[in-house]
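Let's take a friendly walk through a metal site.

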Amino acid sequence: MRAAIDTERLLGSLDMLAQIGAIDGGGCCRLAYSDEDATGRRWLASRMRMLDMEVRVDAVGNVIGRFAGRDDRLPAVMLGSHIDTVRTGGRYDGNLGVLAGLEVVAALRDSGLRPLRAIEVGAFANEEGARFAPDMMGSLVYIGGLSAEDALAAVDVDGVRAGDAAQASGCLGDAATPGPVPHAFLELHIEQGPILDREGFDLGVVEAVQGICWQRYRFGGVSNHAGTTPMSMRQDAGYVAMRVGALVRELPARYPGQMVATVGVLRLQPELVNVVPRRAEMTIDLRNVDREALLAARDDLDAEIRAIAAAEGVTVERESMAFFDPFDFDPGIVERVAHHCAATGRRVRRMVSGAGHDAQILGRVAKAAMVFVPSVGGLSHNVREHTAAEHLGLGAQVICDVALELAEEPA
Ligand code: HGY
Ligand code: MN
Ligand code: MN
């Protein structure tokens, strides 16, 4: 069974979704459970219904559309990703995987084909974790890895509870969690890194995802006069945070596994030109494909942080925001995807994902796989994120071909 993807229609869908929460430069900002996120989810549900899909929304706002198969007793083949974004989001991160899923259904309807198994398309809530940790929150709840109650208890930097934000913006529904385990899960996603673009590849077959460790540190010092306080008498929380920031930057070189390390949030209080900071809060994002190296870096860094703080008379609080082991996708379905990618005749590379994805969560309960398409200049989480139209269509066609093959598998 084969259905033909309409790249122009896919581009049109991406353009329409990008208008919701549009920001200067062509990107979008739809932070989880914001009004913009809720508007995007309502738009998506309406598009699903236009495609004769049943729509269900669950207790954390996962939106799942279902295009019925010939035998609805069989677990569905699920496609999808996320439509929440970071604050400086591009138009393809997550959105491509969800809208490519809808494009597969549209192509099926064009062809009059009805697969044996239903095709479901999922837009998982709060994949980014940029506002409420952890990331991949919605898919974690969907598979039963996190309760809806615990997920909605997450609090953002302004003290807003995820459940309250989700309720207020109308993101929540009554479909049960955990959700039904799919027969298989496929996610089309932009690479978000530089490899495919720089090396001239058209498609990426994702074999694994690197491990992720997110932590928040809070430092407590003493505010004091910037002019009268001798350097030897300071308990400067800001100084400790900035020393730590430099340590984080130098950390990866000390460990195997092509590690990356990022300080994304750094807030000082009282943040006044003539006051020694009494408090500092920072987040540290460590990633590594080597789990032991990731854990060693986390623990070594913590020891060094505490030594720096102790020498300055500053207190330390550490909060684990998220920890995900490196994840290997099921080799069988990876080979299926690799076969279909090779059949396109285009240049294909196997690779590890630098970013976290819902597929690594669904992969805990079902066969899951990912296809990457190139990010021009390796740019992402940036409004200038771009992928060529031909790659968007190519990736969607591969997902369609693999999905329809899986959807014909008997019980
Ligand atoms: O942070 C990540 O890897 C993803 O964008 N949530
Ligand atoms: Mn993403
Ligand atoms: Mn992202």
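What spacing do the donors of the manganese ion (ligand 2) follow along the chain? The pattern is H-x10-D-x95-H. Keep in mind that this is a predicted model. The protein donors behind that pattern are His82 through NE2, Asp93 through OD and His189 through NE2, and they lie 2.1 to 2.3 Å from the ion. Aspartate 93 sits in the loop between strand S5 (77-81) and helix H3 (95-111), while histidine 189 belongs to strand S7 (residues 184-190), so this pair ties together parts that are 96 residues apart in sequence. Both aspartate 93 and histidine 189 are buried.

Aspartate 93 bridges the manganese ion (ligand 2) and the manganese ion (ligand 3), which are 3.6 Å apart. Around the manganese ion (ligand 3), the coordinating atoms come from Asp93 (OD), Glu128 (OE), Glu128 (OE) and His381 (NE2), at 2.1 to 2.6 Å. Along the sequence, these donor residues are spaced D-x34-E-x252-H. Histidine 381 lies in the loop between strand S17 (367-373) and helix H12 (389-407), and aspartate 93 in the loop between S5 and H3, so the two tie together parts that are 288 residues apart in sequence.

Is histidine 381 buried or partly exposed? Buried means under 20% relative accessible area. Histidine 381 has 37% relative accessibility, so histidine 381 counts as partly exposed. Aspartate 93, by contrast, counts as buried because its relative accessibility is 5%.

Note on methods: Residues are numbered from 1 along each chain as its sequence is written. Chains are lettered from A and ligands numbered from 1 in the order in which they are written. This is a predicted model: local features need pLDDT of at least 70, side-chain atom pairs count only at pLDDT 80 or more; totals for chains, interfaces and linings use all residues. Side-chain values use heavy atoms; hydrogens and water are left out. Donors are N, O and S atoms within 2.8 Å of the metal (3.2 Å for Na, K and Ca); water is not among the atoms, so sites may look incomplete. Helices (H or I, at least four residues) and strands (E, at least two) are DSSP runs, numbered from the N terminus. Buried means under 20% relative accessible area, exposed over 50%, partly exposed in between (1.4 Å probe, protein chains only).
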